[in-house]
Amino acid sequence: MSKKRKISSSLGLLPMYLFTLVFVLGPLIFMIALSFFEQDGWSYRAVFTLDNYKNALTGTYLEILFSSLRLAVISTAAVIILGYPFGLCTAFLPKRMQKFIMTTQMIPYWVNSLLRLYGWIIIFRANGLLDKLLMWLGITEEPLRLLYTYPAVVVGMIYVLIPFMFASVYQVAERLDTSLIEAARDLGASPIRAFLSVTLPLTLPGLKTGIIHTFIPSMGLFFIADILGGNKIVLTGSLINDLLNKAHDQPQAAALASVMMVLTAAICILLLRRAKYER
């Protein structure tokens, strides 16, 4: 490549570099720097302190962080159980049926996510649609208290996150060479053995991509817990929101956000490194 072409290509990438610097790295660096500042009334002072991180890693803050991590793990596991077979089976269907399923997956997301979550309130509330269905089937005799519970929050998480797992697995499974599965079956492998030795390893990249795309958002979707869990389930995102808007403790909020970011990044890096070694 000539020198002029290198210069022109670099200039072409300059807007992207500037955008990343101003709108991604800039706020990130400011947040990390702010986490070491000291709270001063409704503002802060540029005085170095580690107290914010001490608070974030002890007491109630640490309990809420582990609660957020536990919810993210449970939601991700549930999404794997439901989304992986859904994406895999869709990839083996005829093309026309694949397009239909992909369309049905996209249509609900034309509606605002908050409105869709309020739809779950109608389903979960006492004497709601689910209660009436269960009583009509004779499974229950009186209304259940499903709204503002931990299971309701998990269902909301699954509902929002399952398309990420479905799309990641489907994109890999669609390009899967089915002749390899047929060869394994011809050589005497049972359906389960063929799945474990051929299908699962070949679709593992899509599964791991889906895990990353599911786990990272699940750590920050506090509005789902606020809507479906009420005040009973407090996550780190909710705590950060309260610190910013109610307590006006920006340094402490920045410290909590930094800890959550580092924790999420560490888990994703470990997953990616393991995937690299398995190749």
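Guide: First, a term: the expected span of a helix is 1.5 Å times one less than its number of residues. Also, keep in mind that this is a predicted model.
Visitor: Okay, how many residues does helix α4 have, and what does it reach from its first C-alpha to its last?
Guide: Helix α4 runs over residues 95-106, which makes twelve residues. From first C-alpha to last it reaches 17 Å, close to the expected 16 Å.
Visitor: Which residues of α4 are buried?
Guide: Those are Q98, I101 and Q105. Down the axis of α4, these buried residues fall within an arc of 70 degrees, so they line one face of the helix.
Visitor: Why would residues three or four places apart point the same way?
Guide: An α-helix has 3.6 residues a turn, so residues with that spacing point the same way.
Visitor: And what covers the buried residues of α4?
Guide: The cover includes α3 (59-91) and α7 (150-173).
Visitor: Which residues are exposed on the other side of α4?
Guide: R96, K99 and F100 are exposed there.
Visitor: Where is N127 found?
Guide: N127 sits in the loop between α5 (113-124) and α6 (129-136). N127 is partly exposed, with a relative accessible area of 45%.
Visitor: What about phi of H248?
Guide: For H248, phi is near 55 degrees, and this is a positive value in a non-glycine residue. You'll find H248 in the loop between α11 (236-245) and α12 (250-278).

How values were computed
Residues are numbered from 1 along each chain as its sequence is written. This is a predicted model: local features need pLDDT of at least 70, side-chain atom pairs count only at pLDDT 80 or more; totals for chains, interfaces and linings use all residues. Side-chain values use heavy atoms; hydrogens and water are left out. Helices (H or I, at least four residues) and strands (E, at least two) are DSSP runs, numbered from the N terminus. Buried means under 20% relative accessible area, exposed over 50%, partly exposed in between (1.4 Å probe, protein chains only). The arc is that of the directions from the helix axis to the C-beta atoms. Contact means heavy atoms within 4.5 Å.
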